[in-house]
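Subject: Structure handover

Hello,

Below is the structure I said I would pass on. My notes on what was found in it follow.

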Amino acid sequence: MSLPFFDAIIIGAGAAGLFCAGQAGQRGLKVLLIDHADKVAEKIRISGGGRCNFTNRDLDPAAPHKHFVGQNPQFCRSALSRYTPADFIALVQKHGIPFHEKHKGQLFADRSAEDIIAMLLAECEAGGVTRWQPCGVRKIDFLASSASESCRGSYQIDTDRGPVSAGALVIATGGLSIPKIGATDFGYRLAQQFNIPLVERKPGLVPLTFDGAGWAPYAQLAGLALPVQISTGAKKSRMAFDEDLLFTHRGLSGPAVLQISSYWQEGTPLAINLAPTVDLPAALAQGKARSRKLVSNELATLVPSRLADAWASREADWQRPINEASDKALARLAEQLARWELTPTGTEGYNKAEVTLGGVDTKALSQQTMECKAQPGLYFIGEVVDVTGWLGGYNFQWAWASAHACAHAL
Ligand code: FDA
């Protein structure tokens, strides 16, 4: 008995899978989209605080290394330049979805992420896509075609709803973050099944943690947010971000830390300038010349008062009126605030990470189509690939662009 046949089967109905399915279907292909989760596109639903930061206007497709991390950030150049933020914005506008720009080119839906999900589902419907959800995938086999056959072989897929086959198989199962809403290592295991190399995975865009005793003096600052400059890495590979930092009970979070976490290497320090827009030595010297206030009170005019109190309480030299503090003590205070060096002990892990760094090695894929060079008809798109964007809509743009590249090659 022959199995139900599709031109393409896409596993994973998240951002990349839904978009790829709609595009491929609208090209006239018979597409089956499979996802094991009860609810469709849960990660889009929770993204951007429920408003989905769906792309970023500042993305420069010609310079992907500016906003993407991975062993070869240039890999995504082709897909990003053939499907740009402007293309996705045009689609959002075509569907009448109101949106706004928030910060550094980040675009969000005005109402809710549900608008973006509804748009992707409507695009699938327009393409006549069949969606099986929830539906688990049990086993995948590749049947190579004999030399006399024109097609390159087919994929036989055993699912909870029975066996199916397809000429092309697209893996869009995403990364490992937020397992409770359906993230699995399916894509990585499938890559291993077909001997596709993987780059080591670790949580990205994730809060960083510090050991209990070392962090105790700062735990009282939990909830405090302030603009900082944060950096990591040796001179040549140094990465720095000017963003907001958030103190938590266990460590540091906020956009500054999420961004730097994708570059931070275990065991290495971070450097944080807690007052990047202030000339601290000059401001403290001026304070000393005109004020008799406590150092902490004078400092509170330059940085948030909770931080000023906590910092000044660290040394006896700083717990006195500023006019009585030595120049040396004030210089030390300025220096420490401008270059707070600390080494995280870990991250909050996949439960809190927005993305997974690493994944399917881009060396194994065609940058034009996302197809595996050594495995005909097998494609990987979206976050499962070793391409990770910065915070700010870059990860969704990669999902859309890689899905588009694949859909137009199927
Ligand atoms: P995605 O995770 O979207 O989809 C994968 C799908 O595969 C899921 O539906 C899953 O159920 C399915 N699946 C997994 N295993 C399976 C299996 N074994 N069998 C069948 N199906 C399986 N990015 C951004 O650009 N802007 C933003 O605002 C945010 N905000 C944000 C907030 C939070 C809290 C998180 C965790 C992440 C973000 N992101 C983001 C990142 C963004 O959500 C992410 O990069 C994309 O959703 C990746 O799209 P994919 O389609 O590759 O995976």
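Glu-101 stands opposite Leu-107 in strand E6. That pair belongs to the pairing of E5 with E6, which is antiparallel and rests on three bridges. Please keep in mind throughout that this is a predicted model. The two strands make a hairpin with four residues between them. Within the turn, Lys-104 has a positive phi of about 45°.

E6, residues 106–109, is also joined to E3 by three bridges, and these two strands run antiparallel as well. Two pairs can be picked out here: Asn-53 lies across from Phe-108 in E6, and Asn-56 lies across from Gln-106 in E6.

Taken together, these strands give an open sheet of three, in the order E3-E6-E5, with antiparallel pairing. At its edges are E3 (53–56) and E5 (99–101), each of which pairs on one side only. From one strand to the next, the twist averages 25°.

There is also an open sheet of seven strands. Its order is E17-E16-E13-E14-E15-E12-E18, and the pairing is antiparallel. E17 (340–342) and E18 (346–347) are at the edges with a single partner strand each, so one side of each has no neighbour in the sheet. Inside the order, E14 (residues 239–247) and E15 (residues 251–253) pair in the antiparallel sense over two bridges. Phe-247 has Leu-252 in E15 as its bridge partner.

Next, the ligand. What surrounds it? The shell holds 37 residues, and the closest are Gly-12, Gly-14, Gly-174, Gly-182 and Gly-382. Helix H1 (15–26), helix H2 (42–46) and helix H13 (394–407) are the elements that give two or more residues to this shell. H13 gives the most, with four residues. By type, the shell around the ligand divides into 18 nonpolar, 15 polar and four charged residues.

Two of those helices, H1 and H13, also pack against each other. Such a pair is described by the angle between the axes and the distance between the axes. For H1 and H13 the angle is about 35° and the axes are 8 Å apart. Their crossing is right-handed.

Which residues of H1 and H13 meet? From H1 they are Ala-15, Ala-16, Phe-19, Cys-20, Gln-23 and Ala-24. From H13 they are Phe-396, Ala-399, Trp-400, Ser-402, Ala-403, His-404, Cys-406 and Ala-407. The residues of this contact divide into eleven nonpolar, three polar and no charged, whereas the shell around the ligand has four charged residues.

If you open the model to check these notes, the hairpin of E5 and E6 and the contact of H1 with H13 are two places to begin.

Regards

Terms used
Residues are numbered from 1 along each chain as its sequence is written. This is a predicted model: local features need pLDDT of at least 70, side-chain atom pairs count only at pLDDT 80 or more; totals for chains, interfaces and linings use all residues. A residue is near a molecule or strand if its C-beta atom, placed from the backbone, lies within 6 Å of it. Ala, Val, Leu, Ile, Met, Phe, Trp, Tyr, Cys and Pro count as nonpolar, Asp, Glu, Lys and Arg as charged, and the others, Gly among them, as polar. Axes are lines fitted to C-alpha atoms, for helices over the stretch in contact, and angles run from 0 to 180 degrees between N-to-C directions. A crossing is left-handed if the near helix is turned anticlockwise from the far one by less than a right angle, and right-handed if clockwise. Two residues are in contact if their C-beta atoms, placed from the backbone, lie within 7 Å. Two strands pair if DSSP finds at least two bridges between them.
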